[in-house]
Structure formats: structure tokens, C-alpha cells
Amino acid sequence: MHLSTHNWMRAEPLEVTLKRIKKFGYESIEISGEPEQYKTKETRALLKEHGIRCWGSVTLMLGERNLAARDQGQRERSVQYVKDVLTMVSELDGEIITLVPATVGKVVPDGTEAEEWGWVVDATRECFTHAKKVGVMIAVEPLNRFETYLFNRGAQALALADAVSPECGVCLDAYHIHMEEFNVYDAIRQVGKRLFDFHVADNNRFAAGLGQIDWPKIVRTLKEVGYDGALTNEFVAPVDRTPAAPYPEMVERNPVDISPEQLKFIQDHGSSLLTEKFYTDQMRITAETLLPLIK
């Protein structure tokens, strides 16, 4: 196992992110799933310069992106988006994309269970065909019920992976599974060898080590099933707007350029644009919590 991180949680130049995570012992990055933001030739050079490899990417299912949509045109555009993310990861020598099949924040179905299952299986199969072509793995990620109605538990994500291919896998996220699973350790064991990625944030979605999750037991269980991929940092710190705020200086008041869609995505997660100091501290705390457990 090694330590990785997402970078969608704070809008900043990639070079700034890479300098920070290298200092704390991160080995790779799971780059934001926005292919239009990254010129792969320049990004490859930056990664090489800072000694950080691309582990993969995560699909940011914003706006109309939805593999389970009733509208065929919407599904086709969503499939193309996933294909573009896969191509980007391939060009960055990455290994995996984490696939969230449905729009984040959408909690009302477009059809019956049978209809939606057919739509999402067909769309994911098409994405998987492209993944095989470009040499990148797909891992289906379940989210908690407040972010999606479609896939909330590992067993559900595994069912989609099974319907697509034995070579399609699952990504589990410590934050989500501590909300949705009957037993988080059994959920990891059930996915077993099909666990291709693992995201980390504590039960309060702050950095690992700032909540109630038993990280030593989580890492022991991952080792038990033979998991040897990334522990990918994905804290999304909730903003406290009251006088009880433990971190009054966490919100960035002078943000760098960020698209309205990205800002909405972050805000829909209960967070906001975070200051560099607060963000850096969260990166450091995660590394200090997990690196001793995985080395």
C-alpha cells in the first residue's frame, strides 16, 4: 500500500499540490476528473519533476453526468465523459479510475429499478470496453445515501462490477462505508480481491485521525484481503459557520480561479474553498496517521 490523494478538494495549481504532498510522504495522486483542465504532456512533466506518479482519477459526476439517466443522449454524453477521463489517465500512465455512476446529489430515480439497472450496466460496459483499450482499470464507488440513491454499499457496487466484467472492480471509501455498511470490515472482506482502490477520510470527513474510525483495524483488514493499492486522501471538511467553529480560519476569502460547477460540487459536500494552511494541515495529519500503519 502507499499514500495518495485527490486534488479536487481545493482549487490551486497542480504544482502547489505536488510540492505539498511530496513533503509529507505521498507517492501518487488521483487527479481531478476534468480532462479539459489538464494538458497531459505538461502534467506528465510536472509529475516527473516532483517525483509523484498518477495513480488515477475520479469521475466528478456534476450537472448532467449520469450513466443511469433515462435520456439516452444524456447517458451517451456521460459515457463520453468517462471515456475522456480514462484516456487522460492512460496518457498520464495512471492505473485506475474511480467510477461514480450517477450524478452526485441526485437522490430521485429516473425510472424503475429494472430500467435503471439496464441503463447503468449498458453504459458501464461501454466505458469498460474503452478502459480495456487504453489499459486503465475501473473501480465502481458507492457513496452515502445523501449523495446518491443508486449505489450506497460495497455489495451493490460489486453487483455492477460483476455485471460488467470479472476484471471490473470496486472502490470503497472509509467515510461512506462507516455510514452505510452493517459491518465495515466485512464489507472490505466481501469485496476482497476486487477492491481496486480505497479512499480515506474520517467519519466526520476531516483528515484521517480526527474522528472515530479505527484506522489500525482498517489497515489490518485491507492487508488481510491482500489489498496493495493506494490509500487516497479525500477529506471534505465541513464548514462551521457558527461561533463554535474549531477552525475559524479554514475558509479561503480570496479564492483562485474555480469554475461555478466545481465550487457547487464542493459546497454540495458541505464544504467550501479552504485556506492553504488549513488544507495543508489536513494533508499532514492524514499522512501522520496512515503512513506508520502501512509501512
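Guide: What follows sets some values beside the definitions of the terms.

Guide: This is a predicted model, where local features need pLDDT of at least 70 and side-chain atom pairs count only at pLDDT 80 or more, while totals for chains, interfaces and linings use all residues. Residues are numbered from 1 along each chain as its sequence is written, and side-chain values use heavy atoms, with hydrogens and water left out.

Visitor: Why is Thr-232 called buried?

Guide: Buried means under 20% relative accessible area, exposed over 50%, and partly exposed in between (1.4 Å probe, protein chains only). Thr-232 has a relative accessible area of 0%, so the residue is buried. Thr-232 lies in strand E8, residues 230-233; strands (E, at least two residues) and helices (H or I, at least four) are DSSP runs, numbered from the N terminus.

Visitor: What does Thr-232 touch?

Guide: Contact means heavy atoms within 4.5 Å. Not counting residues up to four places away in sequence, Thr-232 touches several residues, including Trp-55, Asp-197 and His-199.

Visitor: What makes the buried residues of H1 line one face of the helix?

Guide: The buried residues of H1 (residues 14-24) are Leu-14, Thr-17, Leu-18, Arg-20, Ile-21 and Phe-24. Seen down the axis of H1, these fall within an arc of 165 degrees, so they line one face. The arc is that of the directions from the helix axis to the C-beta atoms. On the other side of H1, Lys-19 and Lys-23 are exposed.

Visitor: What covers the buried residues of H1?

Guide: The cover includes strand E1 (2-6), strand E2 (28-33), helix H2 (40-50) and helix H10 (276-294).

Visitor: Why are H1 and H2 called roughly parallel?

Guide: Angles under 35 degrees count as roughly parallel, over 145 as roughly antiparallel, 65 to 115 as roughly perpendicular and the rest as oblique. Axes are lines fitted to C-alpha atoms, for helices over the stretch in contact, and angles run from 0 to 180 degrees between N-to-C directions. H1 and H2 pack at an angle of about 25 degrees, with their axes 10 Å apart. The two helices are therefore roughly parallel to each other. Among the residues making the contact are Leu-14 and Leu-18 of H1 and Leu-46 and Leu-47 of H2.

Visitor: What follows directly after H1?

Guide: Just after H1 comes Gly-25, with a positive phi of about 100 degrees.
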